[in-house]
Amino acid sequence: MKRRCEESVPLLGPWIDGELAAEDSAWLAEHVDCCKACSARKALLEAQRDAVREAVVGKAASADLSGLADAVLARLQNDQSPAPVLRLRVWGTETWRAHRTRISAAAGLAVAASLALVAIFSPLRRDTPGRGPLLADARGPNATVEEVDFESHEGAVLQAGQTTVIWVDDDGPAVLR
Amino acid sequence: MTESRKPAGRGADPPDDRSLVRAAQGGDAQAFRGLVERYQRRVYQLALGMVKDADEAMDITQETFVRVHRYLPSFKGDSSFFTWTYRIATNLCLDSARKRGRTERVDLDESDAEIEAHMDPPSAALAGPHRAALNAELKSKIDEALAGLSENHRAILLLREVEGLSYEELARTLGIRKGTVMSRLFHARLKMQRKLREYLADEVKDEGEGEG
Ligand SMILES: [Zn+2]
């Protein structure tokens, strides 16, 4: 049975990226082999990838970075004060509520003004209230979120202006720093 | 349990990231310098692609490594060092772009109808081999097209096409799900194609064998 172009188009990218499961790669290769349009689409994706890479790498290649490491090390010498690393641990909604004040204090933040938490329920998981995702909203000058380590959990970071919203899909711990 | 220590190769392979990171975590400035020198161009490349301005890209690169150093104690080695570094660099780039308010932050991905409309096959000439060198016009069109993307689309496109991150690494770097990686990348590429396809087609045609 022949698969159609509509099915193959969204998979061409993952395919050239080597991110497609073997069974999908197999039928896709078969389809592309006998479909001129998809074969051309694939070629376009590859041409674009190569062109973007070449353009960006070429542009950066001429930059003189010889003084950069020195500049960084010099800044580190002048910047000996321990960094205000914001490390937040996000638990399930219940635990979070119980620990919110303590966490806020540890992070040097005023509870109400600078750190707020809103519990929302995922539209996909309406059936399991209490295991819904957390919406942690850390704002304020001290609350720069350097990175979010979701560990084994699902999550997303949404950013809007000064506000960073970290969304964690289950009630296991995730470390935000 | 004691950690077995391999004898240091004599002038052979350069030390791997892991041992440099460990040494830097222990306060070895030269080890940290080694890490900076190893990754500075890749970070700069990413920053330049993101913010376009060379001075700003240089500032971001410097700031990235200052922060890398700052957060080094908390780096657990569960992701590769460069992925972790990219994560910091990407966040700085996104912050910087946002501060300038240069483009709309919200990603409006294409509707199905728009994708459908885009489904007409590109010209057959594209099936030929690619040109090795880009012409100046295409280069400037690529610049333009990148600048026209939202930050999120630009970041994922650069991290994938230029830096070659896997989908798993993209998910970790950008703090998104793997499913989101796929769709975001799809839309970012689509938007680039809109602007580049005619130029890319020319590139390929120039060199293509023009098979029937
Ligand atoms: Zn097809």
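Colleague: Hi! What pattern does chain A follow when you read along the sequence?
Modeller: Hello! In this predicted model, chain A runs α-α-α-α-β-α-α-β-β-β-β-β-β.

Colleague: And how many helices and strands are there in chain A?
Modeller: Chain A has six helices and seven strands.

Colleague: Nice. Now the metal: which residues coordinate the zinc ion?
Modeller: A:C5, A:C35 and A:C38 each use their SG atom, and A:H31 uses NE2. These atoms sit at 2.0 to 2.3 Å from the zinc ion.

Colleague: What spacing do those donors follow along the chain?
Modeller: The donors of the zinc ion are spaced as C-x25-H-x3-C-x2-C. Within that set, A:C5 lies in helix 1 (residues 5–16) and A:C38 in helix 3 (residues 36–61), so the pair, 33 residues apart, links distant parts of the chain.

Colleague: Is A:C38 buried or exposed?
Modeller: A:C38 counts as buried, because its relative accessibility is 0% and the cut-off for buried is under 20%.

Colleague: Back to the zinc ion, what geometry does its site have?
Modeller: Tetrahedral, with angles of 99 to 117° among the four donor atoms. For reference, the ideal angle for four tetrahedral donors is 109.5 degrees.

Colleague: Zooming out, how much of chain A counts as buried?
Modeller: Of its 177 residues, 46% count as buried.

Colleague: Last one: among contacts between residues at least 6 apart in sequence, what share joins residues at least 24 apart?
Modeller: That share is 49% in chain A.

Methods:
Residues are numbered from 1 along each chain as its sequence is written. Chains are lettered from A and ligands numbered from 1 in the order in which they are written. This is a predicted model: local features need pLDDT of at least 70, side-chain atom pairs count only at pLDDT 80 or more; totals for chains, interfaces and linings use all residues. Side-chain values use heavy atoms; hydrogens and water are left out. Donors are N, O and S atoms within 2.8 Å of the metal (3.2 Å for Na, K and Ca); water is not among the atoms, so sites may look incomplete. Four donors count as tetrahedral if all angles lie between 85 and 135 degrees; four count as square planar and six as octahedral if opposite donors are over 155 degrees apart and all others between 65 and 115; anything else is irregular. Helices (H or I, at least four residues) and strands (E, at least two) are DSSP runs, numbered from the N terminus. Buried means under 20% relative accessible area, exposed over 50%, partly exposed in between (1.4 Å probe, protein chains only). Contact means heavy atoms within 4.5 Å.
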